[in-house]
Amino acid sequence: MLRNTIIYLLSIFVITTDGLIYNFAISYYILELTKSPFLFSINTVIMSVGTIISLTIMGAFIDKYDRKSIIIILEILSCISLLALYLYTYNYGFNIKFLFCITAFRSLIIPVVSNTFDASLTQIFDEEKIQNVLGQVGTIRTSVFLLGPVLAGVLYGFVSLETMILIFLILQIISLLLDFLLKFKPYDNSVDLIENKPEKLLEFIIGKNKEAYKYVMNSNILSRIIILAMIINGVGAASFSVLPETIMIKELMFEPEYVGIASSVMGLGSLLATILLSKIKISNPLKSMRLAFLALAILMTVFTLPAYFQASLTVKLIYIAAIGMTMAFTFQFVSIPMMSYMQKIIENEYKGRVFSLLNSLGNILLPVGTLFFGFLYEFKVYVLVNLFTALVIITVTTILLNKDIVRESEMIYNKKSNA
């Protein structure tokens, strides 16, 4: 298991660095070139729609077929997509329409790879080590978020876009090679092969998704988590997928290195939280989620204030970085406890489908929300929009994660932990 841990954590480091530099470069380039939060939001929407489609279809296959093979095949396709983007950009320059096409293709791949890994954690590691591994993964990711943006900002200022894409491709290939070395424990899931007929394939996908839906609906906790994810992603995640870059690049006109510095300081918050979560044991994950969501609602509102007051660039940079760092710290008390809770209570043969259902239904309102907020931010109504978002988050969290539900979830979680 030590071998698996080292390989897995190294793979996470490489792919997280790759993704961060890629997203930084593409985000900055779109906003710098177009000055439009709405066009920037379109790229995010394409990724969201692809995620919903791919996870709805692939969840059943993740539980049916060899998960390592699925990861390897999709990472090969990811490498091919980056190679295509590099060759096109090198020969013809940046084209936002071609970028949207590549984003659409990658949106069908990247979420499934991540989801398959989530469903495979108990095949890669012993169950009692899951929270510790999640904490280590969080520490690595946030360490990258701490240092990566500075590296990305420097790279953006010194190398061309096509060179950065080539770097993404090399890192993706390294990740692919590392995943080849991972060992997966088998689990009992012997079922007949699907007949090679479209109607049988469609019947299989629908049937397996119905099973996952019934599994979730039979759990008062899981069903509430999915509804909560749907609503909060539709407002909170949607607005914040556009807001930081819009404020820093369009409104405050930060240079790439300043955006990198601010993003790195934000990553420090995540790093501190994941180190803390790797050292402590949370006995009630939903209580942690409830408190964190309420805090995030307040922080989102005050994040936008530098767009309205007069101050030096340094003061605004410090303010954005400090609030962002606090938000990043707080968010880890949503993501890690939720993942730890779901890893414990979901049966292994359902994990692929349930995680797919969570991510697809959880993101179903994200595309519309992202376009909506991207449009509103064109008019610079930052505080009013985020105040509305905060009120929605507070209301939904208070209703869905009430005290009775939090107590019930604690009983179920502790029972599974002691089993």
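H12 and H13 cross in a left-handed sense (the near helix is turned anticlockwise from the far one by less than a right angle). Keep in mind that this is a predicted model, with local features needing pLDDT of at least 70, side-chain atom pairs counting only at pLDDT 80 or more, and totals for chains, interfaces and linings using all residues. Residues are numbered from 1 along each chain as its sequence is written, and side-chain values use heavy atoms, leaving out hydrogens and water.

Back to that crossing. H12 covers residues 285-302 and H13 residues 313-345; their axes sit 9 Å apart at an angle of about 155°. That makes the two helices roughly antiparallel, a label for angles over 145 degrees. Across the contact (heavy atoms within 4.5 Å), H12 brings residues including Leu286, Met289, Phe293 and Leu296, while H13 brings Ile323, Met327, Phe331 and Val334, among others. The residues of this contact split into 19 nonpolar, 3 polar and no charged.

Stay on H13 for a ring pair. Phe329 and Phe333 form a tilted aromatic pair, 5.4 Å centre to centre with 45° between the planes (pairs need ring centres within 6.5 Å; under 30 degrees is stacked, over 60 edge-to-face, the rest tilted). They are 4 residues apart in H13, so about one helical turn separates them. Phe333 is buried at 16% relative accessibility, whereas Phe329 is partly exposed at 30% (buried is under 20%, exposed over 50%, partly exposed in between, with a 1.4 Å probe and protein chains only).

Now look at H3 (residues 67-92) and H4 (residues 96-107), whose axes come within 10 Å and cross at roughly 175°. They are therefore roughly antiparallel too. Ring pairs also link Tyr88, Tyr92 and Phe98 into a cluster.

How values were computed: Axes are lines fitted to C-alpha atoms, for helices over the stretch in contact, and angles run from 0 to 180 degrees between N-to-C directions. Angles under 35 degrees count as roughly parallel, over 145 as roughly antiparallel, 65 to 115 as roughly perpendicular and the rest as oblique. Ala, Val, Leu, Ile, Met, Phe, Trp, Tyr, Cys and Pro count as nonpolar, Asp, Glu, Lys and Arg as charged, and the others, Gly among them, as polar. Rings of Phe, Tyr and Trp (its six-membered ring) pair if their centres lie within 6.5 Å; planes under 30 degrees apart count as stacked, over 60 as edge-to-face and the rest as tilted.
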